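The following exercises, each with a worked solution, concern a single protein chain. Please study the sequence and the structure before working through them.

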Amino acid sequence: MNDAARNVLIDGMERWSAFIEANASWAEVIFFLCAFAESLAFVGFVVPGVVLIAAGGALVASGALGFWQVYVALALGAVLGDAVSYWLGRVFGDRVPVVWPFRQRPELLERGSRFFLRHGGKSVFFARFLGPLRPVVPITAGMMAMPHHSFQTANLLSAVIWVPLMMAPGIAIAKGVGIEDLLSGATATPAVTRNGGDTPCVPAPPISGVGLRINCDLLPKFPPLRVRVPSCDALNGR
C-alpha cells in the first residue's frame, strides 16, 4: 500500500471513528447499514464501506466498542445486502441491464457475468473479496437463477470470513502495526506446531467454495450482456 492510499485510509478511518464514537448508541445500526450498502447492487459502487469497516476495527482495538457487537452488525449487513441483490436479479432478470448504473456502464455487469460463468456458484464466495465484483456477482447469480439455498450457503460462508479481514487494517493501525507487515504476516507467530517441534503447521488449503449447479436454460434471456456463454454441461462441470 503506497503512502497516498495509506493516508486516505487513515484519514477516512479517523473521521468515521470520531463520528461513530460520538454516536455510540447507534454504532450497530451504522455498521449494519454500512455493510448492507457495501454489498448491495447499485449502491455498493459509491459507498466507502471498506473505510468505515476498517474504522470499526480501530474502535474495537481501542476498546471503544466490543468486537462482537461490531462483527455481528457487519456480518448481518453483508449477508442481507447480497441476499437483496440476489432477489433483485431473480425478480427483474433481463431488465437489470437497462437501469443505473449498468445502463451507463454495461461493462460492470458484463464483468460480473463473465466471472460468474467462469466460476459458477463459487463466484459468489470469491466475489465478496474482490471489490469491483462484490456488488455485481450476487445480482448476476439471481439473474442466472442460481438455486437459493446454494447462493445463501456461499453468502454466509464468505461474510463470516470477509468481515474480520476488512476490520484487520483498522485493528493493525490502531495497534501501531504496519499494513504491509499485517498483509505479509511478518508480525504473526504460529499458534500450533507439528509433532511438538518448532516447525509451524502447513496452512490449510484455501476454501474452494461451493460446487453449485445453476439453471443454464435461463442464460439466453439476457441479450444485453455481451458475454460468451459456455455450454450448460461445461458450466456445471460435466
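**Exercise 1.** Locate Ala41 and state whether Ala41 is buried or exposed.

*Solution.* Ala41 belongs to the loop between helix 2 and helix 3; helices are DSSP runs of H or I with at least four residues, strands are runs of E with at least two, and both are numbered from the N terminus. The model is a predicted one, in which local features need pLDDT of at least 70 and side-chain atom pairs count only at pLDDT 80 or more, while totals for chains, interfaces and linings use all residues. Residues are numbered from 1 along each chain as its sequence is written, and side-chain values use heavy atoms, with hydrogens and water left out. The relative accessible area of Ala41 is 1%, so Ala41 is buried (buried means under 20%, exposed over 50%, partly exposed in between, with a 1.4 Å probe and protein chains only). Beyond its neighbours within four places in sequence, Ala41 is in contact with Ser85, Pro135 and Ile139, where contact means heavy atoms within 4.5 Å. Ala41 and Leu133 lie 92 residues apart in sequence, with 9.9 Å between their C-alpha atoms.

**Exercise 2.** Describe how helix 2 packs against helix 3 and against helix 4.

*Solution.* Two packed helices are described by the angle between their axes and the distance between the axes. Here, axes are lines fitted to C-alpha atoms, for helices over the stretch in contact, and angles run from 0 to 180 degrees between N-to-C directions.

- Helix 2 (residues 27-39) meets helix 3 (residues 49-62) at an angle of about 145°, the axes being 9 Å apart. Ile30, Phe31, Cys34 and Glu38 of helix 2 make this contact with residues of helix 3, including Gly49, Val50 and Leu52.
- The crossing of helix 2 and helix 3 is left-handed, that is, the near helix is turned anticlockwise from the far one by less than a right angle; clockwise would be right-handed.
- The axes of helix 2 and helix 4 cross at roughly 35° and come within 7 Å, in a right-handed crossing. On the helix 2 side, the residues involved include Glu28, Phe31 and Phe32; among their partners in helix 4 are Asp82 and Ser85.

**Exercise 3.** Identify the salt bridges and the parts of the chain that they link.

*Solution.* The structure holds two salt bridges (a side-chain nitrogen of Lys or Arg within 4 Å of a carboxyl oxygen of Asp or Glu). One joins Glu38 and Arg134, with 2.3 Å from N to O. This pair connects helix 2 with the loop between helix 6 (122-127) and helix 7 (137-143), across 96 residues. Glu38 and Arg134 are buried.

The other joins Arg128 and Asp82, whose closest N and O atoms are 3.2 Å apart. Arg128 lies in the loop between helix 6 and helix 7 and Asp82 in helix 4, 46 residues apart. Arg128 and Asp82 are likewise buried.
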